[in-house]
Amino acid sequence: MSVDAATVRRIAHLARIAVADNEIEHLRGELNAMLAFVEQLGEVNIEGVEPMTSVTPMAMKMRDDVVNDGNIADDIVRNAPATEDHYFVVPKVVE
């Protein structure tokens with residue numbers, strides 16, 4: 001894939017970057033080099049390679065998925081102006 005000058009201008013416009021006319025050719029070359037590198041990556045044989053989650057082998061820490069209130073309901077509503085049964089009491093706003 002090759003990028004032309006019109007595409008460079010469009011990319012700059014979409015990115016909200018001011019690009020002078022004398023910079024277009026330089027940016028065009030850089031974008032084409034990046035796209036060529038990405039095309040090279042597509043040629044790499046990755047058959048049998050497992051996806052990585054980290055650069056070092058590690059096991060994720062697991063914990064039980066248990067729902068609880070944290071046993072801190074009193075602490076949460078302590079500074080509220082009005083509470084009732086561990087809930088915030090707010091004025092009615094809809095009639």
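Author: R78 counts as exposed, because its relative accessibility is 56%; in this scale, buried means under 20% relative accessible area, exposed over 50%, and partly exposed in between, with a 1.4 Å probe and protein chains only. R78 forms a salt bridge with D75, and the closest N and O atoms of this pair are 2.5 Å apart. The term salt bridge stands for a side-chain nitrogen of Lys or Arg within 4 Å of a carboxyl oxygen of Asp or Glu. D75, at 43% relative accessibility, counts as partly exposed.

These values belong to a predicted model, in which local features need pLDDT of at least 70 and side-chain atom pairs count only at pLDDT 80 or more, while totals for chains, interfaces and linings use all residues. Residues are numbered from 1 along each chain as its sequence is written, and side-chain values use heavy atoms, with hydrogens and water left out.

A search of the whole structure finds 3 salt bridges. Helices (H or I, at least four residues) and strands (E, at least two) are DSSP runs, numbered from the N terminus. R28 has a relative accessible area of 27% and is therefore partly exposed; E25, at 48%, is likewise classed as partly exposed.

A further pair is formed by D21 and R9, whose closest N and O atoms are 3.8 Å apart. This pair links distant parts of the chain, since D21 sits in the loop between α1 (5-14) and α2 whereas R9 belongs to helix α1, 12 residues away. D21 counts as exposed because its relative accessibility is 62%, whereas R9, at 43%, counts as partly exposed.

The loop that holds D21 also contains R16. Phi of R16 is near 60 degrees, a positive value in a residue other than glycine. Most residues other than glycine have a negative phi. With 69% relative accessibility, R16 counts as exposed. D85 also has a positive phi, near 50 degrees. D85 is placed in the loop between β1 (83-84) and β2 (87-88), and its relative accessible area of 62% makes it exposed.

N32 counts as buried because its relative accessibility is 17%. Its side chain reaches the backbone nitrogen of V3 at 2.6 Å. Such a polar contact is a pair of N or O atoms within 3.5 Å; within protein, one must be able to donate a hydrogen and the other to accept it, and residues adjacent in sequence count only if both atoms are side-chain atoms. Neighbours within four places in sequence being left aside, N32 is in contact (heavy atoms within 4.5 Å) with M1, S2 and V3.

The side chain of N45 reaches the backbone nitrogen of E47 at 3.0 Å, and N45 counts as exposed, at 63% relative accessibility. V44, at 46%, counts as partly exposed. V44 belongs to a nonpolar surface patch with F37, V38, L41, I46 and V49, which together have about 600 Å² of accessible area. Patches are made of residues with over 30% relative accessible area and no salt bridge; like charges are joined within 9 Å and nonpolar side chains (Val, Leu, Ile, Met, Phe, Trp, Tyr) within 5 Å.

The setting of the whole chain remains. The secondary structure comes to 3 helices and 2 strands, in the order α-α-α-β-β from the N terminus. The radius of gyration of the chain is 28 Å, whereas a compact globule of 95 residues would have one near 12 Å; the radius is taken over C-alpha atoms, and the globule rule is 2.2 Å times the number of residues to the power 0.38. Of the 95 residues, 7% count as buried. The chain exposes about 9300 Å², of which carbon and sulfur atoms supply 57%; accessible areas come from the Shrake-Rupley method with a 1.4 Å probe, and for residues only the protein chains shown count as cover.
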